[in-house]
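Please work through the following exercises with the sequence and the structure at hand. Each task is followed by a solution in steps.

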Amino acid sequence: MEWFARAMFEPKAAPRSELELLARARALAGVSLGELALQFGVSVPESQLRAKGWVGQLLERALGATAGSRAKPDFEGLGIELKTLPVDARGKPKESTFVCTIALTEIGEVEWEHSRVRRKLARVLWVPVEAEASLPFAGRRFGEPLLWSPDSEEEAELRFDWEELAGRIGMGELERITGHFGKHLQVRPKAAHSRVRRRGIDEDGAYVEAPPRGFYLRPSFTLRLLRKYYAAPARA
DNA sequence: CGCTGATCATAG
DNA sequence: CTATGATCAGCG
(Lines give C-alpha, C1' and ligand atoms only; values in the text may rest on other atoms or scores of the structure.)
Protein backbone atom coordinates (compact mmCIF):
# COMPACT_ATOMS: atom_id res chain seq x y z
CA MET A 1 0.00 0.00 0.00
CA GLU A 2 2.94 2.28 0.45
CA TRP A 3 3.58 2.66 -3.26
CA PHE A 4 -0.04 3.57 -3.62
CA ALA A 5 0.05 6.21 -0.93
CA ARG A 6 3.16 7.70 -2.47
CA ALA A 7 1.76 7.72 -5.96
CA MET A 8 -1.55 9.17 -4.91
CA PHE A 9 -0.94 11.45 -1.98
CA GLU A 10 2.55 12.88 -2.39
CA PRO A 11 3.06 16.24 -4.04
CA LYS A 12 4.29 16.00 -7.60
CA ALA A 13 8.01 16.43 -8.28
CA ALA A 14 8.98 19.86 -9.56
CA PRO A 15 8.54 20.26 -13.31
CA ARG A 16 11.86 20.60 -15.14
CA SER A 17 10.70 22.81 -17.97
CA GLU A 18 8.01 25.29 -18.88
CA LEU A 19 6.62 22.76 -21.31
CA GLU A 20 6.36 20.10 -18.65
CA LEU A 21 4.62 22.50 -16.29
CA LEU A 22 2.24 23.64 -18.98
CA ALA A 23 1.43 20.06 -19.94
CA ARG A 24 0.56 19.25 -16.34
CA ALA A 25 -1.63 22.31 -16.05
CA ARG A 26 -3.40 21.56 -19.33
CA ALA A 27 -4.10 18.04 -18.15
CA LEU A 28 -6.03 19.53 -15.24
CA ALA A 29 -8.38 21.54 -17.44
CA GLY A 30 -11.86 20.21 -16.86
CA VAL A 31 -10.86 18.41 -13.67
CA SER A 32 -12.88 19.35 -10.60
CA LEU A 33 -11.55 20.39 -7.22
CA GLY A 34 -13.10 17.30 -5.68
CA GLU A 35 -11.40 14.97 -8.15
CA LEU A 36 -8.01 16.53 -7.60
CA ALA A 37 -8.44 16.61 -3.83
CA LEU A 38 -9.21 12.89 -3.90
CA GLN A 39 -5.91 12.20 -5.64
CA PHE A 40 -4.08 13.91 -2.82
CA GLY A 41 -6.12 12.38 -0.06
CA VAL A 42 -7.41 15.69 1.21
CA SER A 43 -11.00 16.62 1.90
CA VAL A 44 -12.68 19.54 0.23
CA PRO A 45 -13.77 22.31 2.58
CA GLU A 46 -17.47 23.10 2.57
CA SER A 47 -16.80 26.67 1.64
CA GLN A 48 -13.90 29.02 1.30
CA LEU A 49 -14.92 31.12 4.26
CA ARG A 50 -12.19 29.55 6.35
CA ALA A 51 -10.17 28.11 3.50
CA LYS A 52 -9.44 31.07 1.29
CA GLY A 53 -6.15 29.85 -0.12
CA TRP A 54 -7.14 26.21 -0.43
CA VAL A 55 -7.52 26.05 -4.19
CA GLY A 56 -4.15 27.68 -4.79
CA GLN A 57 -2.43 25.34 -2.37
CA LEU A 58 -4.04 22.23 -3.84
CA LEU A 59 -2.90 23.29 -7.28
CA GLU A 60 0.63 23.90 -6.02
CA ARG A 61 0.82 20.30 -4.91
CA ALA A 62 -0.65 18.99 -8.14
CA LEU A 63 1.79 20.93 -10.29
CA GLY A 64 4.86 20.40 -8.16
CA ALA A 65 5.44 23.93 -6.87
CA THR A 66 8.51 24.19 -4.68
CA ALA A 67 8.48 27.50 -2.86
CA GLY A 68 6.01 26.79 -0.06
CA SER A 69 5.61 29.91 2.03
CA ARG A 70 9.03 31.30 1.15
CA ALA A 71 9.42 34.52 -0.77
CA LYS A 72 10.37 32.72 -3.97
CA PRO A 73 8.68 32.00 -7.30
CA ASP A 74 6.40 28.99 -6.96
CA PHE A 75 8.56 27.15 -9.47
CA GLU A 76 11.99 28.27 -8.43
CA GLY A 77 14.01 26.63 -11.15
CA LEU A 78 11.74 28.04 -13.84
CA GLY A 79 11.15 31.46 -12.32
CA ILE A 80 7.41 31.05 -12.70
CA GLU A 81 4.67 32.27 -10.39
CA LEU A 82 1.39 30.34 -10.10
CA LYS A 83 -1.92 32.17 -9.75
CA THR A 84 -5.40 30.73 -9.64
CA LEU A 85 -8.05 33.01 -11.07
CA PRO A 86 -11.65 32.61 -9.87
CA VAL A 87 -13.96 33.22 -12.83
CA ASP A 88 -17.71 33.42 -13.30
CA ALA A 89 -19.73 31.48 -15.86
CA ARG A 90 -18.64 33.85 -18.60
CA GLY A 91 -14.97 33.52 -17.77
CA LYS A 92 -14.76 36.89 -16.06
CA PRO A 93 -12.48 37.14 -13.00
CA LYS A 94 -14.48 37.57 -9.82
CA GLU A 95 -11.68 38.83 -7.62
CA SER A 96 -8.58 40.95 -7.76
CA THR A 97 -5.24 39.14 -7.78
CA PHE A 98 -2.79 39.62 -4.95
CA VAL A 99 0.69 40.38 -6.29
CA CYS A 100 3.00 41.07 -3.36
CA THR A 101 3.29 42.92 -0.10
CA ILE A 102 4.91 46.33 0.03
CA ALA A 103 8.13 46.97 1.92
CA LEU A 104 7.00 50.36 3.18
CA THR A 105 10.42 51.54 4.25
CA GLU A 106 12.12 50.60 0.99
CA ILE A 107 9.72 51.15 -1.82
CA GLY A 108 10.64 54.79 -2.26
CA GLU A 109 14.22 53.80 -3.06
CA VAL A 110 13.49 51.17 -5.70
CA GLU A 111 13.24 51.54 -9.48
CA TRP A 112 10.49 49.77 -11.38
CA GLU A 113 13.04 47.48 -13.03
CA HIS A 114 13.96 46.04 -9.65
CA SER A 115 10.52 46.17 -8.09
CA ARG A 116 8.85 43.16 -6.54
CA VAL A 117 5.80 43.74 -8.72
CA ARG A 118 7.80 43.48 -11.90
CA ARG A 119 9.67 40.41 -10.73
CA LYS A 120 6.50 38.65 -9.57
CA LEU A 121 4.68 39.30 -12.80
CA ALA A 122 7.58 38.58 -15.15
CA ARG A 123 6.28 35.04 -15.78
CA VAL A 124 2.94 33.82 -14.44
CA LEU A 125 0.99 30.63 -14.96
CA TRP A 126 -2.66 31.66 -14.69
CA VAL A 127 -5.13 28.88 -13.99
CA PRO A 128 -8.80 29.85 -14.15
CA VAL A 129 -11.13 28.11 -11.69
CA GLU A 130 -14.90 28.12 -11.82
CA ALA A 131 -16.23 30.25 -8.99
CA GLU A 132 -19.94 30.62 -9.59
CA ALA A 133 -21.69 30.86 -6.25
CA SER A 134 -24.27 28.40 -7.53
CA LEU A 135 -21.67 25.67 -8.15
CA PRO A 136 -20.94 23.29 -5.28
CA PHE A 137 -17.38 23.94 -4.23
CA ALA A 138 -16.08 20.41 -4.92
CA GLY A 139 -17.62 20.42 -8.39
CA ARG A 140 -15.85 23.52 -9.62
CA ARG A 141 -13.41 22.81 -12.43
CA PHE A 142 -10.06 24.15 -13.55
CA GLY A 143 -9.87 25.84 -16.92
CA GLU A 144 -7.21 26.06 -19.62
CA PRO A 145 -4.02 27.55 -18.18
CA LEU A 146 -2.26 30.57 -19.58
CA LEU A 147 1.48 31.01 -19.31
CA TRP A 148 1.99 34.73 -19.50
CA SER A 149 4.60 37.44 -19.51
CA PRO A 150 3.60 41.09 -19.84
CA ASP A 151 3.92 42.43 -23.37
CA SER A 152 5.39 45.91 -23.76
CA GLU A 153 1.99 47.58 -23.50
CA GLU A 154 1.01 45.70 -20.36
CA GLU A 155 4.34 46.38 -18.75
CA ALA A 156 4.05 50.08 -19.52
CA GLU A 157 0.61 50.16 -17.93
CA LEU A 158 1.76 48.37 -14.81
CA ARG A 159 4.81 50.55 -14.59
CA PHE A 160 2.75 53.71 -14.82
CA ASP A 161 0.54 52.69 -11.91
CA TRP A 162 3.44 51.37 -9.89
CA GLU A 163 5.44 54.54 -10.26
CA GLU A 164 2.57 56.68 -9.06
CA LEU A 165 1.79 54.43 -6.11
CA ALA A 166 5.37 53.72 -5.12
CA GLY A 167 6.18 57.38 -5.50
CA ARG A 168 3.37 58.43 -3.19
CA ILE A 169 4.29 55.84 -0.61
CA GLY A 170 7.90 56.95 -0.82
CA MET A 171 6.73 60.50 -0.15
CA GLY A 172 5.04 59.33 3.03
CA GLU A 173 1.52 59.53 1.62
CA LEU A 174 0.63 55.94 2.40
CA GLU A 175 -2.26 56.90 4.66
CA ARG A 176 -3.86 58.84 1.84
CA ILE A 177 -3.71 55.99 -0.64
CA THR A 178 -6.93 54.03 -1.07
CA GLY A 179 -7.96 51.23 -3.37
CA HIS A 180 -9.21 53.86 -5.78
CA PHE A 181 -5.75 54.68 -7.08
CA GLY A 182 -4.28 52.88 -10.06
CA LYS A 183 -5.99 51.78 -13.25
CA HIS A 184 -4.66 48.22 -13.27
CA LEU A 185 -2.58 47.91 -10.14
CA GLN A 186 -3.92 49.03 -6.79
CA VAL A 187 -2.81 49.18 -3.16
CA ARG A 188 -5.00 47.54 -0.52
CA PRO A 189 -4.62 46.17 3.01
CA LYS A 190 -2.96 42.79 3.33
CA ALA A 191 -3.04 41.47 6.87
CA ALA A 192 -4.61 39.02 9.26
CA HIS A 193 -6.83 41.84 10.56
CA SER A 194 -7.01 45.62 10.75
CA ARG A 195 -5.03 45.97 13.98
CA VAL A 196 -1.81 44.59 12.48
CA ARG A 197 0.91 47.21 12.14
CA ARG A 198 4.19 47.33 10.26
CA ARG A 199 6.99 49.88 10.20
CA GLY A 200 6.48 52.54 7.58
CA ILE A 201 7.68 56.07 6.86
CA ASP A 202 5.70 59.29 7.20
CA GLU A 203 5.94 62.55 5.25
CA ASP A 204 8.85 63.76 7.37
CA GLY A 205 10.75 60.55 6.83
CA ALA A 206 10.09 59.38 10.38
CA TYR A 207 9.16 55.81 11.19
CA VAL A 208 5.51 55.19 11.91
CA GLU A 209 3.40 52.10 12.47
CA ALA A 210 1.16 51.44 9.51
CA PRO A 211 -1.22 48.72 8.36
CA PRO A 212 0.55 46.34 5.94
CA ARG A 213 -0.40 46.85 2.31
CA GLY A 214 -0.12 44.83 -0.82
CA PHE A 215 -0.31 45.38 -4.56
CA TYR A 216 -3.28 43.80 -6.33
CA LEU A 217 -4.24 43.48 -9.99
CA ARG A 218 -7.74 44.62 -10.79
CA PRO A 219 -10.12 42.08 -12.34
CA SER A 220 -10.31 44.19 -15.50
CA PHE A 221 -6.61 43.57 -16.07
CA THR A 222 -6.78 39.80 -15.69
CA LEU A 223 -9.96 39.70 -17.76
CA ARG A 224 -8.07 41.25 -20.63
CA LEU A 225 -5.32 38.64 -20.30
CA LEU A 226 -7.86 35.85 -20.62
CA ARG A 227 -9.53 37.55 -23.55
CA LYS A 228 -6.23 37.78 -25.41
CA TYR A 229 -5.64 34.12 -24.72
CA TYR A 230 -9.03 32.96 -25.87
CA ALA A 231 -8.72 35.07 -28.98
CA ALA A 232 -5.37 33.50 -29.85
CA PRO A 233 -5.01 30.15 -28.14
CA ALA A 234 -2.46 27.44 -28.93
CA ARG A 235 0.56 29.46 -28.04
CA ALA A 236 2.87 28.73 -25.19
C1' DC B 1 -23.26 44.29 -8.36
C1' DG B 2 -18.64 46.10 -8.41
C1' DC B 3 -15.24 47.69 -5.45
C1' DT B 4 -12.66 48.63 -1.29
C1' DG B 5 -11.23 47.52 3.07
C1' DA B 6 -11.08 43.49 6.23
C1' DT B 7 -10.19 38.99 7.07
C1' DC B 8 -8.86 33.64 7.24
C1' DA B 9 -5.51 29.41 7.12
C1' DT B 10 -0.99 27.53 7.34
C1' DA B 11 4.19 27.12 7.15
C1' DG B 12 8.72 28.34 8.84
C1' DC C 1 5.81 37.38 13.40
C1' DT C 2 6.26 37.30 8.37
C1' DA C 3 5.75 34.91 4.47
C1' DT C 4 2.64 32.31 1.45
C1' DG C 5 -2.24 31.16 -0.61
C1' DA C 6 -6.43 34.31 -1.48
C1' DT C 7 -11.80 35.45 -0.65
C1' DC C 8 -15.26 37.69 2.35
C1' DA C 9 -18.68 41.14 3.26
C1' DG C 10 -20.72 45.51 3.39
C1' DC C 11 -21.30 50.07 1.32
C1' DG C 12 -22.42 53.04 -2.37
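**Exercise 1: The sheet**

Task: Determine the order of the strands in the open sheet.

Solution. The open sheet has 3 strands in the order 1-3-4, with mixed pairing. Strands are DSSP runs (E, at least two residues), numbered from the N terminus, and two of them pair if DSSP finds at least two bridges between them. Strand 1 (81-87) and strand 4 (146-148) each have a single partner strand, so they stand at the edges and one side of each lacks a neighbour in the sheet.

This is a predicted model, in which local features need pLDDT of at least 70 and side-chain atom pairs count only at pLDDT 80 or more, while totals for chains, interfaces and linings use all residues. Residues are numbered from 1 along each chain as its sequence is written, chains are lettered from A and ligands numbered from 1 in the order in which they are written, and side-chain values use heavy atoms, with hydrogens and water left out.

**Exercise 2: Strand pairing**

Task: State how many bridges join strand 1 to strand 3.

Solution. Strand 1 and strand 3 (residues 124-130) run parallel and are joined by 7 bridges. For Val87, the bridge partner in strand 3 is Glu130.

How values were computed. Helices (H or I, at least four residues) and strands (E, at least two) are DSSP runs, numbered from the N terminus.
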